[in-house]
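This report describes selected features of one protein model. The sequence and structure come first.

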Amino acid sequence: MNITQKIISAHLAEGVMTPGQEIALKIDQTLTQDATGTMAYLEFEAIGLPRVKTELSVSYVDHNTLQVGFENADDHRFLQSAAAKFGVYFSRMGNGICHQVHLERFGKPGKTLLGSDSHTPTCGGLGMLAIGAGGLDVATAMAGYPFYVKMPGVVNIRLHGRPAPWVAAKDIILEVLRRLTVKGGVGKVMEYTGEGVAYLSVPERATITNMGAELGATSSIFPADEATRQFLAAQGREQDFTPLQPDPDAAYDEIVDIDLSALEPLLALPHMPDRVVKVAEVAGRPVNQVFIGSCTNSSYTDLMKVAAILKGRMVDPGVSLVVAPGSRQVLTALAANGALAELVSAGARILECACGPCVGVGQSPVSAGVSLRTSNRNFEGRSGTADAEIYLVSCETAAASALAGVITDPRELGEPIQVAMPDKFPVDDRMIIPPPPAGAELPLVMGPNIKPLPVAAPLAEQIEAAVLLKVGDNITTDHIMPAGATILALRSNIPAISMHCFCAVDQTFPQQALEAGGGIIVGGLNYGQGSSREHAALAPLYLGVKTVLVKSFARIHMQNLVNFGLLPLTFADEADYDDIQPGDSLIIDDLRAALSANKVQVRNGRSGKTYPVRHSLSGRQIEILLAGGLLKYVEKNV
């Protein structure tokens with residue numbers, strides 16, 4: 001077996017390991033972050049168990065750290081009370097980004113991790129099977145319920161040779177995105193092997209597995225080898241190491257070969273992570289802002305390279321350089337060895353150890369500005385400036401460009417920077433609060449911004465509703481439910497946050513949906529790609545959306561729709577998409593029987609045409625829809 005199959009086999013609770021068939025996995029660990037965690041713990045409370053049943057669950061605060069009003073502070077107080085009550089570790093604000101901290105302090109090779117954040121596969125850099133999901137799936141996993149997912153195909157990405165000078169891990173994953181696109185990983189796990197793996201540290205591997213989310217992949221994973229053991233030993237966790245390699249005769253569904261010695265520094269053009277070109281092709285374009293950080297590139301080795309490049313120099317006067325260390329551990333190490341002083345002396349502004357600009361919380365670029373970022377997504381408007389142009393780059397390209405004031409190939413800097421991994425990291429877990437031995441009698445502390453969950457009705461026998469909105473391909477969850485400082489503060493208040501639903505596409509959508517009493521959304525390919533935020537399903541539910549009919553779905557969003565009782569359907573003939581117009585009345589009759597037989601037909605009240613549509617729902621998912629969502633299904637069956 002390959003690595004993915006070995007971990008799945010050891011955690012298989014139901015099903016058979018045939019690609020495309022639904023399986024159930026035992027989950028060892030979970031993580032949540034504060035933008036998704038409040039809902040997840042409200043959902044866990046609704047299940048009715050006094051304590052989580054996982055080996056380890058951790059609640060992180062890293063997204064909503066800008067406390068302009070009371071809302072975020074209240075949510076953080078609630079999360080800390082929920083962690084104590086339900087037996088969850090609590091990582092305080094300022095301790096770092098969930099994926100970076102989990103990699104450092106909790107991840108274990110061979111274990112399963114489910115997180116309410118799409119970049120949870122970061123821990124695949126340690127040899128974990130780490131999967132992103134909606135908060136409700138994480139809540140049920142914390143309750144001991146297995147996680148259901150279609151058995152993924154496994155793509156073997158074989159890394160050959162040694163990375164060329166100035167070629168970073170970011171360039172490797174950008175090359176994968178260039179070849180496979182943002183739809184290329186749907187239903188698959190990317191498994192990295194080959195002699196090139198040995199040249200990558202665990203943080204570099206984590207950069208690659210992190211951005212596997214941009215491929216739409218279920219997860220990405222590296223072997224657990226000597227580099228893994230050394231990283232865990234440096235974290236004081238060598239006892240957590242388990243060697244993990246594919247069998248010599250392991251089979252894969254696809255193979256992709258990459259010659260690392262032939263790569264050049266790459267970047268992703270606005271506004272999609274797969275619009276990848278060589279840095280040299282766009283070198284010379286003026287830059288207004290550089291952001292170095294996010295869960296993709298904020299490790300010790302990342303920022304040490306940046307400090308070495310900037311040492312003794314000054315950032316160009318036209319560039320605002322901001323740096324966000326990924327964890328308190330990283331910040332402490334940089335402060336101790338003088339690298340932090342080098343960054344500050346060069347003109348970098350140091351942000352707290354949090355997600356920050358990556359999710360539109362602060363540091364929005366100037367109007368029509370060019371911002372180079374080491375983060376993982378460059379969706380239009382995500383930065384907080386609607387007309388900004390966001391490029392995704394490595395730390396090396398970012399630092400070189402900050403100095404020059406224009407997009408710069410880092411190879412122009414001369415000899416490449418080499419940074420050794422430390423033998424020992426400065427481990428200090430005092431900002432991680434362990435749960436008390438028993439917390440059942442502790443109260444949940446809820447502020448006035450925390451509102452009850454909306455709940456769907458059981459699926460009706462007939463749906464007749466107007467098309468509220470028609471959108472194109474690659475609609476992201478940022479389009480459906482934007483991030484940003486103002487909107488993130490409303491994550492625990494579904495009525496309020498729903499007033500921002502689809503406003504990036506049509507500012508009148510929330511009011512139209514309410515006035516119409518709900519309706520149907522029609523979309524193109526890869527609908528719902530991006531973040532795991534279940535608010536992109538909860539807000540349409542609150543606004544009365546009954547069905548989403550598209551050419552194809554991204555995995556996490558489709559499951560979130562099912563979890564909250566919204567019917568996801570796909571066109572049998574994609575050409576039918578062109579015939580449907582906003583305002584058309586669509587009718588689905590005999591829905592319950594048609595779903596079970598997978599012979600659903602949609603009739604257009606305007607044209608009279610009938611469209612055959614499909615679904616990829618399992619029998620269990622159909623039962624969830626019929627029940628009115630996963631919470632009702634769990635209450636009934638578990």
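The sections below cover a strand barrel, the nonpolar cores and the cysteines of this predicted model.

## Strand barrel

A barrel is formed by seven strands, which follow one another in the order β21-β22-β23-β24-β27-β26-β25. The pairing within the barrel is mixed. On average, and with direction ignored, neighbouring strands of this sheet are turned by 40° against each other.

One of the pairings joins β25, residues 585–588, to β26, residues 600–604. These two strands run in the antiparallel sense and share two bridges. Leucine 586 has asparagine 604 of β26 opposite to it.

## Nonpolar cores

The largest nonpolar core holds 102 residues, and the members that touch the most others are Phe502, Phe509 and Tyr527. Apart from neighbours within four places in sequence, phenylalanine 509 is in contact with Leu468, Leu469, Cys501, Phe502, Ile521, Leu543 and Val545.

## Cysteines

With a disulfide taken as two cysteine sulfur atoms within 2.5 Å, the model has zero disulfides. For cysteine 295, the nearest cysteine sulfur belongs to cysteine 358 and lies 6.0 Å away, so cysteine 295 is in no disulfide by that cut-off. Cysteine 295 is buried, with a relative accessible area of 12%.

Cysteine 501, a contact of phenylalanine 509, is likewise in no disulfide. The nearest cysteine sulfur to that of cysteine 501 is in cysteine 503, at 7.6 Å. The relative accessible area of cysteine 501 is 0%, so this residue counts as buried under the 20% limit.

Technical notes
Residues numbered from 1 in each chain as written. Predicted model: local features only at pLDDT ≥ 70, side-chain atom pairs only at ≥ 80, totals over all residues. Heavy atoms only, no water. Pairing = 2+ DSSP bridges. Helix = DSSP H or I, 4+ residues; strand = E, 2+ residues; numbered from the N terminus. Axes fitted to C-alpha atoms, helices over the stretch in contact; angles between N-to-C directions. Core = buried A, V, L, I, M, F, W, Y, C linked by side-chain atoms within 4.5 Å. Buried < 20%, exposed > 50% of the residue type's maximum accessible area, 1.4 Å probe, protein only. Contact = heavy atoms within 4.5 Å.
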